[in-house]
Amino acid sequence: MEIDPFIFRLSIFILSIFIGYYVVWSVTPSLHTPLMSVTNAISSVIIVGAIISGLSGNSDSIFNTSSIFGFLAISLAAINIFGGFLVTQRMLAMYKKKKKDK
Amino acid sequence: MISANLSAIFYLISGVLFILALRGLSSPETSRQGNFFGIFGMIIAITVTFLSIGNFSSGLVFVLIFLLIGGLIGAFVAYRIPMTAMPELVAGFHSLVGLAAVFVAISAFLNPEAFNLGSPGNIRLGSLIEMSIGAVVGAITFSGSIIAFLKLQGIISGSPITFKGQHPINALILASIIILIYFLCSTQYSNLFWILLAVSFLIGFLLIIPIGGADMPVVISMLNSYSGWAAAGIGFTLENIALIITGALVGSSGAILSYIMCKGMNRSFFNVILGGFGATEQSINSQNKEQRPVKSGNADDAAFLMKNASSVIIVPGYGMAVAQAQHALREMVDTLKKNDIKVSYAIHPVAGRMPGHMNVLLAEANVPYDEVFELEEINNDFANSDVAFVIGANDVTNPVAKTDPQSPIYGMPVLDVEKCKSVLFVKRSLSPGYAGIDNDLFYRENTLMLFADAKKMTEDITKNL
């Protein structure tokens, strides 16, 4: 008997929760705000679903109800991806060590 | 066009890069590199998606246009946003992830062929369940984050909004969501999908509305977690490994942050979610308000005390963010350091409106991160320090949490500021903090109240040093 591919995805999912658990506990508390903004950015990888639906229409009907929702989702996710990574970058650039020459 | 197996491997790679992005945040030195891993992972995921479809003819131009529009808005916001508005920004971002998840689910529901999920009215059962869950969680994330955003912006009151029968109504709505999913899956009747979405938007709204302003760190972390689970739900629908991995990472990340925030307040997660904290205590408190003697001083007195100190600990809180006093504070500290006074910062886990809020503000004001300490690291040092400078914090310094079992904040970990030789407390009035209780610290022998705006007072002290 074959194993349903769903079980494989479920395994990946469960193991990733554990990875997330251990990785996030090791994040230093002073970087918790950048952690939130970067998790925002990466969860917007949901854009891959939006791109699939945006490209699903054929040349006669690029815009149908389904693809319009896809296009909108692309923009929403893109705001998050660019906004999330850039604002994280901006924050992380501010974290500096004490200068030695004091 | 590349094969499904090859694209799955690339999605796996981008999932791994996302793990490394979070891993980088374990220290500020590695964090910037971590962020690049994240960006790189995102580029791979998007590129592979285009390649795996291979249909470059029709919709591509529009996909790129919408990508560009979103990207420009995002970049613009990221550059322009002031650091004090970070909690609002993050809440706003959460709502967008939620809405994007809803839109992708709608799109997949209307045109399942595009995703290989069956045909309209005959969507595979497993996929339909997965997309319903993704859509429900996404909708809750969206409307909940909108409420959190409005509360943080001050557009709606930050105080808890409660009404009678709130909890039974919420329980009823949650039960109806499960029933709706069941009937949607058994009948495939599309109107049920729209009702399901409407009900989910409603419950997200109702869940967050009773939660007050100072509980926002928990709410934001919780919505962060939800946005992850929504992404994972959609990931299962689309059978996309990158999305499943990321959803799980973000989901557990938000859950851990919620846990840390709850622990910082010594409250159970359910206690926060059920809401209404601070609404009841306030009335009891106003009845037995007795006049107790308070010592107050001016910037001159404060400067004198600090000039004669050898070590000072700064305790910032949300009030510092409101008054935008972080730069003025840093200038004051610079002056102190020139006089060979040792200065460190003590951050309570729930100071501010989101996890790590104070750290970002101090970093913005060029405070080196190795002068900033967490509660456990610094709490023993108060006894050996001369001056504690409390600026915009309140409940997190209240000694009542250690002494009075009747107090609503009893058991909450607090900073032991009262152990310092003297305490300078910058505050606009004697009004109680968020928890609605009087701060015992105001009336201590060694406390000097500085009644003023945090920024103005800090600047005045600097002038007098």
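## Conventions

In the residue classes used here, Ala, Val, Leu, Ile, Met, Phe, Trp, Tyr, Cys and Pro count as nonpolar, Asp, Glu, Lys and Arg as charged, and the others, Gly among them, as polar. This is a predicted model, in which local features need pLDDT of at least 70 and side-chain atom pairs count only at pLDDT 80 or more, while totals for chains, interfaces and linings use all residues. Residues are numbered from 1 along each chain as written, chains are lettered from A in the order in which they are written, and side-chain values use heavy atoms, without hydrogens and water.

## The cavity

The structure holds one cavity of 30 Å³ or more. A cavity is a set of points on a 1 Å grid over the protein atoms alone where a 1.4 Å probe fits but cannot get out, and its lining residues have an atom within 4 Å of a point. About 50 Å³ of space lies in the largest cavity, the volume being the space filled by probe spheres set on the points.

Chain A contributes Ser30(A) and Tyr95(A) to the lining of the largest cavity, and chain B contributes Asn359(B), Leu362(B), Ala363(B), Val367(B), Tyr369(B) and Val372(B). Helix α15 (residues 357-364) of chain B supplies the largest share, three residues; helices are DSSP runs of H or I with at least four residues, and strands are runs of E with at least two. By class, six lining residues are nonpolar, two are polar and none is charged.

## The interface of chains A and B

Contact (heavy atoms within 4.5 Å) joins 103 residues of chain B to 80 residues of chain A. The two chains bury about 8400 Å² between them, 77% of it on carbon and sulfur atoms; buried area is the accessible area (1.4 Å probe) lost on putting the parts together, summed over both.

One salt bridge is found across this interface, the term requiring a side-chain nitrogen of Lys or Arg within 4 Å of a carboxyl oxygen of Asp or Glu. Glu239(B) forms a salt bridge with Arg9(A), with the closest N and O atoms 3.4 Å apart. The side of chain B that touches chain A has 66 nonpolar, 26 polar and 11 charged residues.

## Salt bridges over all chains

The structure holds 12 salt bridges over all chains. In one of them, Lys421(B) meets Asp386(B) at 2.9 Å, N to O. Lys421(B) lies in the loop between α17 (400-403) and β7 (422-427) of chain B and Asp386(B) in the loop between α16 (375-378) and β6 (387-391), so the pair ties together parts that are 35 residues apart in sequence.

Conventions. On a 1 Å grid over the protein atoms alone, a cavity is a set of points where a 1.4 Å probe fits but cannot get out, and a pocket is an open set with protein on both sides within 12 Å along at least five of seven lines; lining residues have an atom within 4 Å of a point.
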